[in-house]
Amino acid sequence: MYDHIIIRYGEISLKGKNRKGFISSLKKRVKQVLTDFDSIEVHQSFDRMTVKLNGANPEPVIEKLKTVFGIHSLSVAIKTEHDLDQIKEKALQLVQDQQNGGSMTFKVTVRRPYKQFPHRSQDMNRDIGGHVLRNTENLTVDVHHPDLELKVEIKKDGAYLSCNNSEGAGGLPTVHDNKVMLMLSGGIDSPVAGYLTMKRGVKVEAVHFHSPPFTSERSKQKVEDLAKVLTRFGGDIRLHIVPFTNTQKTIQKEMPDNYSMTIMRRMMMRITEKIADQNGALAIATGESLGQVASQTIQSMNTINEVTNYPVIRPLISMDKLEIMKISRAIDLYDISIRPYEDCCTVFLPEAPKTKPKREHANKFEQYLPIDELVEEAVGGVQTILIKENEDEFTDLL
């Protein structure tokens, strides 16, 4: 009996003059994720967006919409004409469907943004609630903590009735001008960092450092699969595969063992900045969480950050591992992340990495590295893959 889905904006409502642009981006993304549903229509208004189902099953539509950043909540709904008797009958059907014969408490909440409708909200609360109570058994009113809240919204084009809210993904819809380069390893942390970065309205491209033969094709496939999961939330993703073998071998040969991790991360940052500049990205995102391992102490971050002028976004900075793993599982990344294929950060791991590296020491050691030559070699050998949201095959762009 449901013919519409109501989409509520949440944080977008606070954006003032930017609100229109965010709503437009949200509508575009909603249409993208619903391309498989030929019959539906998407309509936007100042405070809501509605999806007209036109006979489509609402459940798979709701599941798709739950991945869209910018949506605070969703409800399946019934639309009626501006007729109080019709509204009362549809309200009764809706409550009976939700009650399913059991005992339940409920309340009615009417909003009337369309003021030309001749009945006041408080009067309709009473009239609709009374009609439902008279025609339903095992139902009582609880205005404070009801089992079921029947919502009635009187809009210009009709009345929308809904009961059950589904939680949306929250955050902000993707704005393509806000592009960030994500340093994507094969571990648990960086894909979650990508997800949380996208949640703030950012378009993500990914950079992965690949060191054959020390890292296998399976480790590369693992990263492609992680990026594929992330496309559910932000659309198509360009993945830049950086050949990193020579850089790592040079660092291992020329640098002190305890500083090799720090200098490797500094080289990664330089290369990522170069790729970001070439592709119009405005910042770099990483999966670092403060204090987890040697390269993630505050001293390490300070020393690593020296080599870039780009903002470095670290959305996991205050999280512990359990919090990160919880998000990873919730968005279907965890099982891919724990596949036992090493990435380049683990194959040359020093026995005792420096936990408080100093900038002046790193700069001193790097005097013996052909930094510009290594960066140019790595950037020149980048393979770019387009990972599409709605296709299983990946497209090699370069």
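Strand E10 (residues 200-210), helix H6 (residues 217-234) and E11 form a right-handed β-α-β unit; right-handed means that, with the strands pointing away from the viewer, the path from the first strand over the helix to the second runs clockwise. Helices (H or I, at least four residues) and strands (E, at least two) are DSSP runs numbered from the N terminus. The model is predicted: local features need pLDDT of at least 70, side-chain atom pairs count only at pLDDT 80 or more, and totals for chains, interfaces and linings use all residues. Residues are numbered from 1 along each chain as its sequence is written, and side-chain values use heavy atoms, without hydrogens and water.

**Strand E11**
- Five of the seven residues of E11 (residues 237-243) are buried, that is, under 20% relative accessible area with a 1.4 Å probe, protein chains only.
- E10 and E11 run parallel, joined by five bridges, and Ala206 has Leu239 as its bridge partner in E11.
- Strand E14 (residues 383-387) runs antiparallel to E11, also through five bridges; Leu239 stands opposite Ile385 in E14.

**Eight-stranded sheet**
- The open sheet has the order E2-E3-E1-E4-E8-E7-E5-E6 and mixed pairing, where two strands pair if DSSP finds at least two bridges between them.
- Its edge strands, each pairing on one side only, are E2 (41-44) and E6 (139-141).
- Three bridges join E5 (residues 104-111) to E6 in parallel, with Val141 in E6 as the bridge partner of Phe106.

**Helix on the sheet**
- Helix H3 (residues 84-99) packs on the sheet and touches E4, E5, E6, E7 (148-155) and E8; contact means heavy atoms within 4.5 Å.

Key: Buried < 20%, exposed > 50% of the residue type's maximum accessible area, 1.4 Å probe, protein only. Axes fitted to C-alpha atoms, helices over the stretch in contact; angles between N-to-C directions.
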